Amino acid sequence: CKNPSMVYTGSEFAVVCVSDWPDFTATDVYLIRLSPVGQLLDDAVVLMAALSNCDFLSLAFSGREFGLLWTGVTLDQRVFFGRFLPYGTPIGEPLEIISNIDVMFARELQLVWTGNEYVVVWDSVRNIFFSRIGCLP
């Protein structure tokens, strides 16, 4: 599993990662649920299959759902946001939130839940960027 991101939900840990296991497709994104002591709770769930060159993940938990930020290395690198129920069921369609990031300069994207909305922050050379993502129930 590569490029993992982890959150604690208050009762368990949730990890998302891009598969690099021999029996999985290299571009699938998985959700893995772990007990507070690190024991696997269920089999890994495919959140998204066959993504093109996914190389970054950031996971947040709202108390009811997961928010996931992901990107890939392409000529016109884009950043997407998706919402998922705790067992991996998608909520709506992914949203493209940032397009045409210069892959040489955009780094360290982070997603957090504020209690009311998701917030994304990233840096690009000497600038820090900030974006809010409001969510309807």
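**Stop one: a buried arginine**

Start by selecting Arg33, which is buried, with a relative accessible area of 10% (buried means under 20%, exposed over 50%, partly exposed in between, with a 1.4 Å probe and protein chains only). Before going further: this is a predicted model, where local features need pLDDT of at least 70, side-chain atom pairs count only at pLDDT 80 or more, and totals for chains, interfaces and linings use all residues. Numbering runs from 1 along each chain as its sequence is written, and side-chain values use heavy atoms, leaving out hydrogens and water.

Arg33 is found in strand β3, residues 29-34 (strands are DSSP runs of E, at least two residues, numbered from the N terminus).

Arg33 lies in strand β3 and Glu12 in the loop between β1 and β2, so the pair ties together parts that are 21 residues apart in sequence. Glu12 is buried too, at 12% relative accessible area.

Next, pick Asp42: a salt bridge joins its side chain to that of Arg33 at 2.1 Å, N to O. Asp42 is partly exposed, at 36% relative accessibility. Show the trio together, and you have a network of salt bridges linking Glu12, Arg33 and Asp42.

Last stop: select Arg83 and Glu65, whose side chains form a salt bridge at 2.6 Å, N to O. Both Arg83 and Glu65 are buried.

Notes:
Helix = DSSP H or I, 4+ residues; strand = E, 2+ residues; numbered from the N terminus. Salt bridge = Lys/Arg side-chain N within 4 Å of Asp/Glu carboxyl O.
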